[in-house]
Amino acid sequence: MKKHHYDITIIGAGLIGLCMSTMLISLKKKVLIIDKNSINSKRFLLNDIRTTAISQGTKRILENLRIWSKIREYAQPIKKIDVLEYSSSKRIIFDSKDLGEGNLGYIVSNSVLKKELLSKINNSPNIQIMDNTEISKLKISDQSHDNFPEIYTRDSIITSQILIGADGRYSSSRKLINMPNYKFDYDQNAYVFFITHKKNHQSKAYEIFFPEGPLAILPMLKEKNQNRSSVVWTVDKKFGDFTKLKKNEFKKKFSVKYKNLLGDVIKISNPKKYELNIINANLATKNRIVFIGDAAQAIHPIAGQGFNLGVRDCDVLFRNMSRSYKLGLDPGTINRLEFYLRDRLIDKYAFMGATHFLNLIFSNNLRSINKVRNIGLGIVQKSRFLKNFFMSRAMGL
């Protein structure tokens with residue numbers, strides 16, 4: 001078998017793996033990206049129909065990477081977010097004008113993000129892509145931190161000074177090293193699809209809470225002069241699998257919750273289903289291996305913060321690695337990686353706890369909880385301090 005050595009190896013070429021790779025270009029180190037898919041194929045770029053919510057903080061990170069200028073024209077700004085509870089008139093309206101930090105966020109299609117990140121990576125002589133590659137074995141030394149991790153593929157053994165696991169919620173690299181993790185199943189499915197509708201969304205996003213799960217309606221750029229929105233509809237599994245319904249039946253069920261919020265639905269796409277859970281890698285680092293994004297912490301999509309949390313992982317890890325190299329230190333040692341874990345601790349657990357709590361408190365129909373929810377919504381709506389605090393946190397500032 002052929003043997004190869006790299007300074008840094010990244011497992012996973014999803015959005016977070018690509019973001020991390022793009023950041024590493026400036027270090028001018030020998031970097032390898034491994035993924036089981038054909039990364040530069042049209043299928044890889046176009047098969048992902050999802051959109052991503054980009055916070056103001058993430059936008060600023062992408063600006064520093066000189067990526068934002070490439071995707072700005074494809075990004076739909078979010079100027080307002082309307083948070084409401086299905087059974088009452090109580091609501092919170094977050095308005096970007098109140099904070100004065102720019103738009104609350106942006107909605108960008110995953111295919112656009114992948115295309116621009118890959119373009120930057122493909123133009124870097126320091127980064128090599130090994131796609132269509134399955135990892136059969138991942139060997140680390142439990143005895144000595146000085147030994148480099150070994151990655152086994154069908155015809156190669158790859159060693160690396162530091163290995164970054166960015167292969168998502170069901171990370172294979174995490175499983176290969178038996179990394180302990182906490183998992184909680186919400187018994188909910190998220191259905192992701194697009195709608196074209198009669199009224200203009202006016203750059204406003206909606207988060208509507210129902211006992212069986214939240215409904216998020218996110219503004220998108222017009223296409224062929226049609227008003228469009230991306231929908232993430234969360235429903236308890238006990239109501240069945242909505243992807244098995246005929247399109248008109250699915251549209252009818254959705255219309256009951258949608259209530260013509262943005263006028264008549266002109267067109268609706270076929271939904272894609274995602275099972276929801278929370279997964280946390282208890283350590284997030286082990287003997288020169290560090291996990292980022294969903295491989296480190298996969299959260300509920302209730303506030304659309306998963307990608308932004310992962311980008312902050314990338315940013316903090318990059319800055320820690322950059323500092324190590326400048327000081328002539330090894331970025332893969334346990335001491336250096338513990339700096340990364342410490343820097344991410346509060347942000348990570350704050351968002352994991354907040355999304356978990358929000359879903360639990362809003363996804364039920366208990367009368368006592370209803371009262372608490374309504375009181376809470378009313379208090380936040382009336383308090384400029386609380387609204388600005390929540391906005392700044394959600395914006396990643």
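Predicted model: local features only at pLDDT ≥ 70, side-chain atom pairs only at ≥ 80, totals over all residues.

Q: Which residues of H8 are buried?

A: Phe250, Phe254 and Tyr258 are the buried residues of H8. Seen down the axis of H8, they fall within an arc of 75°, so they line one face of the helix.

Q: Why do residues three or four places apart point the same way in an α-helix?

A: An α-helix has 3.6 residues a turn, so residues at that spacing point the same way.

Q: What do the buried residues of H8 pack against?

A: They pack against four strands: S12 (181–197), S14 (213–223), S15 (226–236) and S16 (265–268).

Q: How far does H8 reach from its first C-alpha to its last?

A: H8 covers residues 247–258, 12 residues in total, and reaches 16 Å, close to the 16 Å expected at 1.5 Å a residue.

Q: Where does Lys28 lie, and is it buried or exposed?

A: Lys28 lies in the loop between helix H1 (15–24) and strand S2 (31–34). Its relative accessibility is 67%, so Lys28 counts as exposed. The phi of Lys28 is also positive, near 55°.

Q: And what about Arg66?

A: Arg66 is in the loop between helix H3 (56–64) and helix H4 (68–71). Arg66 has a positive phi of about 60° although it is not a glycine. At 64% relative accessibility, Arg66 counts as exposed.

Q: Changing topic to the sheet with S3, S7 and S4: in what order do the strands come?

A: The 3 strands form an open, antiparallel sheet in the order S3-S7-S4. Strands S3 (51–55) and S4 (76–78) stand at the edges with a single partner strand each, so one side of each is left without a neighbour in the sheet. Neighbouring strands of this sheet are turned by 30° against each other on average, direction ignored.

Q: How many bridges join S4 to S7?

A: 3 bridges join S4 to S7 (residues 105–109). Gln76 stands opposite Ile107 in S7.

Q: Which helices lie across S3 and S7?

A: H3 lies across S3 and S7, running at about 90° to S3. H6 also lies across S3 and S7, at about 80° to S7. The buried residues of H6 include Val112, Leu113, Leu117 and Ile121.

Definitions and conventions. Residues numbered from 1 in each chain as written. Heavy atoms only, no water. Helix = DSSP H or I, 4+ residues; strand = E, 2+ residues; numbered from the N terminus. Expected span 1.5 Å × (residues − 1). Buried < 20%, exposed > 50% of the residue type's maximum accessible area, 1.4 Å probe, protein only. Arc of directions from axis to C-beta. Contact = heavy atoms within 4.5 Å. Pairing = 2+ DSSP bridges. Axes fitted to C-alpha atoms, helices over the stretch in contact; angles between N-to-C directions.
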